[in-house]
Amino acid sequence: MKIASGRANIYGCNATLDVSYIPAIHSLVFETEGSGYMTTGTQTGYSAKVLTLPSNYLPANERCVCLYANLQLKFGVALRVQTNGDVMFDVSSSEPMRGFGWPSAMGFIPL
């Protein structure tokens with residue numbers, strides 16, 4: 001059952017997020033897609049709020065899930081859910097990037 005949707009602009013890339021709840025395992029499932037390419041300039045990390053979960057789907061503790069990692073490029077994308085319901089995209093890299101697309105990925109966290 002879909003409970004929330006949001007979007008954020010990450011370094012020029014339009015990233016979308018859909019959140020569903022699976023009652024059988026009391027977990028949230030996250031699905032993300034993006035269009036465009038990220039160009040970080042001189043920055044190597046960024047965090048953006050994508051959406052706020054409805055109050056009856058808040059985790060007891062802050063949760064993080066890795067959505068994408070490329071060890072060769074030393075680049076990663078994570079999704080972080082805070083106890084207040086804010087859902088954040090976190091991007092980190094060891095050096096500035098140019099022309100890297102947003103990953104299409106899924107992840108889940110238990111509540």
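## Asn70 at the end of a strand

Asn70 is buried, at 17% relative accessible area, where buried means under 20%, exposed over 50% and partly exposed in between, using a 1.4 Å probe and protein chains only. This residue sits in strand E6 (residues 63-70); strands here are DSSP runs of E with at least two residues, numbered from the N terminus. The Asn70 side chain reaches the backbone nitrogen of Gln72 at 3.0 Å. That counts as a polar contact, a pair of N or O atoms within 3.5 Å in which, within protein, one must be able to donate a hydrogen and the other to accept it, while residues adjacent in sequence count only if both atoms are side-chain atoms.

A word on the ground rules: this is a predicted model, so local features need pLDDT of at least 70 and side-chain atom pairs pLDDT 80 or more, while totals for chains, interfaces and linings use all residues. Residues are numbered from 1 along each chain as its sequence is written, and side-chain values use heavy atoms, with hydrogens and water left out.

What is the direction of E6 relative to E7, and how many bridges join them? They run antiparallel, joined by seven bridges; two strands pair if DSSP finds at least two bridges between them.

Strand E7 (residues 75-81) is mostly covered, with six of its seven residues buried. Arg80 has Met88 in E8 as its bridge partner. This hairpin has four residues between its strands, and Gly85 takes a positive phi near 95°.

## Tyr11 and its ring partner

Now for some rings. Rings of Phe, Tyr and Trp (its six-membered ring) pair if their centres lie within 6.5 Å, with planes under 30 degrees apart called stacked, over 60 edge-to-face and the rest tilted. By this rule there are four aromatic pairs. Among them is the tilted pair of Tyr11 and Tyr46, at 5.1 Å centre to centre and 45° between the planes. Tyr11 is in the loop between strand E1 (2-10) and E2, and Tyr46 is in strand E5 (residues 45-52), so the pair ties together parts that are 35 residues apart in sequence.

Tyr11 is buried at 13% relative accessibility, whereas Tyr46 is partly exposed at 33%. The backbone of Tyr11 is worth a look too: its phi is near 55°, a positive value in a residue other than glycine.

Ile22 belongs to strand E2 (residues 13-22) and is partly exposed, at 33% relative accessible area. Together with Ile25 and Phe108, Ile22 makes a nonpolar surface patch of about 280 Å². Patch members need over 30% relative accessible area and no salt bridge; like charges are joined within 9 Å and nonpolar side chains (Val, Leu, Ile, Met, Phe, Trp, Tyr) within 5 Å.

Pro23 lies in the loop between E2 and strand E3 (27-35) and is exposed, at 54% relative accessible area. Pro23 and Met1 are 22 residues apart in sequence, with 8.7 Å from C-alpha to C-alpha. His26 lies in the loop between E2 and E3, and its phi is positive, about 45°, although it is not a glycine. His26 counts as partly exposed, at 42% relative accessibility.

Conventions:
Areas by Shrake-Rupley, 256 points an atom, 1.4 Å probe, with all protein chains shown as cover. Salt bridge = Lys/Arg side-chain N within 4 Å of Asp/Glu carboxyl O.
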